[in-house]
Amino acid sequence: MNVFTVPMRLLTAVVLDESTDAVKKALLSLGVLDFIQVSHLAPEQAAKLSPVNQSEDPQTYAALRARVETLFQQASIPLPNVDRLDPEATTALDTGKAKALVDKVVAALSVLREQQKQLSQSRIRFEELLRYVENHDTQYIDVRIGNPAKGDAQLLGARLANQAYVLLQPADWKDMILLTLKRDRQQVSPSMDALGWTENPDGQLQPEALIVLKEHLVKQLEDLDASNVQIKQRITTRIQEDAETLEQLWCNLRLHELLGAIANNFSHTRNTTIFAGWVPKSSSDTLEQAIRKACGGTCVIEWTEAGMMPRAEIPVAVDDMPLLRPFQKLVDNYSVPEYGTINPTPFVAISYLVMFGLMFADAGQGLVILLLGLLGKRQSARNSGTARRMISTDMYQLFTYLGGASIITGILFGSYFGFALLPPVWFDYHAAVNGHDASGRSVYSILGITIWFGIAVIGTGLLLNWINLIRKRDWFHLVMDKNG
Amino acid sequence: MSRGVLSRYAFINAKLRSRIGNMLDERELEGLLQSQSLEEFLHQLKDTPYEPMIELYDQTADVQRLEAWLFARNVKLHQEVARLMHGIHEQVVQAMTRKLEVENLKGVLRLWFSNAVKHQNIDYRYGYLFQMDIVSGIDWARIVNAERFEDIVRALVKTPYAAALSAFDGTRIAQEGMFFLETALDRVWTDMLREVVQHMPTDDRTLVEQVLDRDADLKNIINLVRFGYLYDLSSEDLRTLMLAGGSIVSTKEFREYLEIPKQQRSPEALVSRRFPDLAKELKEAHTHSAEQQTLLVERYLFSVRRKAFNTMLRGYPFSFGVILAYFFLEERQDAFIRTIMNGIRYGWDAPAIREFAI
């Protein structure tokens, strides 16, 4: 485990223009170069360099990729795995054709969406009618029971097509039941008159008609839901028809987007391409070999050690320590360590856990926190790839550590859900606070522990600072600074 | 700072600022503007407070339902803030919520007018309007289904709107349309808000009154330009449109604006004293059409409002200002979302949508 930031080297490379595409792919495959603009390194030469001249702006690819992703989302198709992004497999991309493909699918979907919208509007009509029928709001509805002298139910339905209505011919009824809104009378009445509607004068039929209408409306709404599910299925099916092509397109777009982003960092002379960037020292040989291979050896590569460059300009990378990731995030929240200095994460992890353990020393409650953390981790693993959660996996990992720290200190102080169920391994914390500890410890002993702990934390902080100042050769601050 | 102020605003201030922090930033809004289809637009709303719109569209493909959801969300946000306040401050938030109630009431009245007066088919359109209580208990179904205008007044008898509506009758509505009725409703909620604000503690009262006065001035200028310059509304009608408060209605320029014939009216002269920068912009745009000049005025006055609310947000945190700024920003964001959504629906491109997304 390296406690210092990862040593870096600055690469400056000149390759022939014809090798540029191969070099871009090699750089993308390795993904270790943190680009800087060549003009930044040699501002006096900047005027002689021309920027990249790309046929398509990477933003075009990004926008098109977003459109493809929208289609995937509608069909619940997950995005292609990152393993499918093979820079060597990048093919020429005709954005016009790609747009046409996406437009074709979108156009097909818009027809289905229009049908879905009409279902939604029908639903609104039926919901309003059902509300009034259920609540017996007869002041808002007209329930007609009778028969038209001319035409049939189909003709009547056609006349009322633009209104909210229900027309029924129950099997055991000799009359039709027609439900409309009172507010539509201006439009409905002329149609009824034209068809010579004769109303059944039996007022007893009205309550029965309302029951039949309610059942029918509930069924209508269920049917609409079923139709909606079918349309959604057709939308999914339509997208899936082109899923393979769209996935290939997505990968190609993503690769072009990334290659375009790399190309944006290139500068050009008449026949050559120049680029520069920082790379971890451990990867520098691999990167050099990859560039040389990509351009058949026709290139010039120059390395500059980090010590030759202003420290503030060097990017900072730290070794990934999977077990300490939650603490690395805590440290990153404050600030990224300066290049070449100590990454304080391991020290933060120890002091954080000890401090939490001392403050929350209870084996029972610690177990609860530990279980919550484990449960959360399990849930996160199950839901990986779905919507972003408020609590990340690393946070659950932190819960398990904190739970563990509480359990250990709880056992040391003999506290289990606030009860002294087992004798303490070290001393009885609560008894000491209350002055009843058999070992003769008191509240001052606890105060002593916290003071020693504070001295240890501050002392470690000072020690780390001195090491950092020595590594930076900052002798002035090492001797004169208040923390020196 | 008194303990009362701290206890009143500490929680709401933190809560609203956190919500403001979660609002869409300029980059996200620009991304939304570039969307070429509603699906792409909605895809970008993932992981934002507007995420439920994705599911709603997936279920219905109905843009008007999305607009209805936006309105319902705004009502909910107002009601939540009201619940977090107490006493007179809660009443002020409720009075502000009445703006939404009036908007909804106007929507329902417009439908009634189309159906009962114009005999047009309103079909499913009532389903898009908010049908629950906002502040007062209103039976919306009774209004939209009313046979006569007098039935509507009776339906609203237990609300503050009945008095204003009783000044109208069915015949007048049929002749004049809904314009004057709607402006009367606007005056009801602004007057009610002013009345409640009177009972606030001095610091908050001063702040809210400043905002109301400025908003009244801006709204009055917009109405004077829109209806007195773009359209030919009589001086008397223009005078009745004016909202209470603000300083513009007591200026010499206002009186002169009303006295002269429409052809000679000059928006530039009207705003010259209160907003000299706007007067300068109007002078430079004198060759533009009346519509363009009206749009210029609206844009400028909106930017004045935005600037004032942003200043409020940067200022003293424990005041009613954070609530005013929050409602303003939410309203602006919703309006932006609504404009883009409709722009895409009608096939406009990004620059055209940006024109309207003030």
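Let me start with a definition: helix axes here are lines fitted to C-alpha atoms over the stretch in contact, and angles run from 0 to 180 degrees between N-to-C directions. Keep that in mind for chain B. One caution before we go on: this is a predicted model.

So, chain B. Take helix α12, residues 202–230, and helix α17, residues 290–314. How are they packed? The angle is about 175°, and the axes lie 9 Å apart. Anything over 145 degrees counts as roughly antiparallel, so α12(B) and α17(B) are roughly antiparallel.

Which residues meet across that pair? From α12(B), the list includes L207(B), V211(B), L218(B), I221(B), I222(B) and V225(B).

Helix α6 covers 87–117, and α7 covers 140–144. Two residues here deserve a look at their backbone. Most residues other than glycine have a negative phi. H119(B) is not a glycine, yet its phi is positive, about 55°. D123(B), in the α6 to α7 loop as well, has a positive phi of about 50° and is not a glycine either.

Buried or exposed, what about D123(B)? It counts as buried, because its relative accessibility is 12% and the cut-off for buried is under 20%. H119(B) has a relative accessible area of 40%, so it is partly exposed.

Now chain A. First stop, D319(A). It sits in the loop between β9, residues 299–305, and α10, residues 325–334. Where does the chain come back to it? At the start of the numbering. D319(A) and V3(A) are 316 residues apart along the chain, but their C-alpha atoms are separated by 8.1 Å. Leaving out residues up to four places away in sequence, D319(A) touches N2(A) and V6(A).

Last stop, the surface of chain A. Which residues make the nonpolar patch of about 630 Å²? They are V368(A), L372(A), F417(A), F419(A), L421(A) and L422(A). Look at F417(A) in particular. It lies in the loop between α13, residues 393–413, and α14, residues 429–434. F417(A) counts as partly exposed because its relative accessibility is 46%.

That's the tour. Questions, please.

Methods. Residues numbered from 1 in each chain as written. Chains lettered and ligands numbered in written order. Predicted model: local features only at pLDDT ≥ 70, side-chain atom pairs only at ≥ 80, totals over all residues. Heavy atoms only, no water. Patch = residues over 30% accessible without salt bridge, like charges linked within 9 Å, V, L, I, M, F, W, Y side chains within 5 Å. Areas by Shrake-Rupley, 256 points an atom, 1.4 Å probe, with all protein chains shown as cover. Salt bridge = Lys/Arg side-chain N within 4 Å of Asp/Glu carboxyl O. Helix = DSSP H or I, 4+ residues; strand = E, 2+ residues; numbered from the N terminus. Buried < 20%, exposed > 50% of the residue type's maximum accessible area, 1.4 Å probe, protein only. Parallel < 35°, antiparallel > 145°, perpendicular 65-115°, else oblique. Contact = heavy atoms within 4.5 Å.
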